[in-house]
Amino acid sequence: MKITFHGHSAFRIETGSAVILVDPFITGNPAARADWQTVAAGCTHLLLTHGHDDHVGDSLAILKATGAVLVSSFEVCIWLNAQGAANYSPGNHGGRIRFDDFDLVFTNAWHSSAASNNGNPVYLGNPTGFILEPKHEPGKTIYIAGDTGIFGDMKLIHDLYRPAIGILPIGDRFTMGADQAAYACRNFFDFSTVIPCHYASFKGFVDPDAALFLKAMGPDAAKVRVLAAGEALVL
């Protein structure tokens with residue numbers, strides 16, 4: 001499995017023959033170091049946790065260019081389908097979708113979901129997180145939290161799916177900050193690898209680096225992999 005971070009909350013995950021993009025906000029992302037065409041090369045699936053502009057990003061252009069399957073809430077799928085995204089597979093909290101190389105389970109996320117339309121919000125259903133279970137790489141289940149605050153039922157996510165890898169927001173203001181994210185890692189999960197996101201992008205709106213998170217993780221800081229934009233982790 002190869003996980004590449006592209007700044008803010010954008011990821012590329014490769015497992016089996018699947019090339020999965022998560023929240024591919026590339027154009028306009030202050031932290032990104034590549035263009036969307038490079039990031040999207042070979043894309044087979046595109047996951048959107050919710051409809052905010054800093055997560056939808058280049059999704060429509062990528063979906064049109066690659067023919068990848070859009071996986072998101074029903075509302076986000078229908079909204080992008082109306083704009084020309086032809087191939088989509090919607091789901092909702094608690095649901096599982098089975099693909100050739102991985103299963104995807106929709107989890108709760110404590111956040112909001114809307115797109116901007118000339119300054120007016122367009123409601124796009126409830127935000128989600130994902131459990132990604134690779135079929136050919138046992139022991140490498142990923143919890144993609146999406147944008148969320150902390151919530152006690154994260155413990156249920158651990159009990160049900162035992163994710164080894166956590167991709168969690170740490171930037172504060174709009175999501176969990178360092179203290180909440182570290183508390184979740186230490187008390188609700190048993191990750192072997194934690195990849196922080198949703199920081200070091202928008203100056204003044206999210207934390208500028210992962211220092212507070214590493215400090216809050218204490219002796220578990222060794223599990224954290226702080227990736228620079230464009231950096232890949234092979235597991």
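Visitor: How many positive and negative side chains does the protein chain have, and how far apart do the centres of the two sets lie? After that, please look closely at strand β1 and its partners.

Guide: The protein chain has 16 positive and 22 negative side chains, and 4 Å separates the centres of the two sets. Lys and Arg count as positive, Asp and Glu as negative, while His and the chain ends are left out; each charge is placed at NZ of Lys, CZ of Arg, CG of Asp or CD of Glu. This is a predicted model, in which local features need pLDDT of at least 70 and side-chain atom pairs need 80 or more, whereas totals for chains, interfaces and linings use all residues. Residues are numbered from 1 along each chain as its sequence is written, and side-chain values use heavy atoms, without hydrogens and water.

The protein chain holds 7 helices and 15 strands (DSSP runs numbered from the N terminus: H or I of at least four residues, E of at least two). The C-alpha atoms fill a box of roughly 50 × 40 × 30 Å along the principal axes. Of the 235 residues, 56% are buried, meaning under 20% relative accessible area with a 1.4 Å probe, protein chains only. Of the contacts with a separation of 6 or more, 61% join residues 24 or more positions apart (heavy atoms within 4.5 Å).

Now for the part itself. Strand β1, residues 2-5, pairs antiparallel with strand β2, residues 11-15, over 4 bridges (pairing takes at least two DSSP bridges). Within this pairing Lys-2 faces Glu-14 of β2. The two strands make a hairpin with 5 residues between them, and Gly-7 in the turn has a positive phi of about 90°.

β1 also runs antiparallel to strand β15, residues 232-234, joined by 3 bridges. Here Thr-4 stands opposite Ala-232. Leu-233 is another residue in β15, and it counts as buried because its relative accessibility is 4%. Leaving aside residues up to four places away in sequence, Leu-233 touches Met-1, Lys-2, Ile-3, Thr-193, Ile-195, Arg-225 and Leu-227.

Note on methods. Buried means under 20% relative accessible area, exposed over 50%, partly exposed in between (1.4 Å probe, protein chains only).
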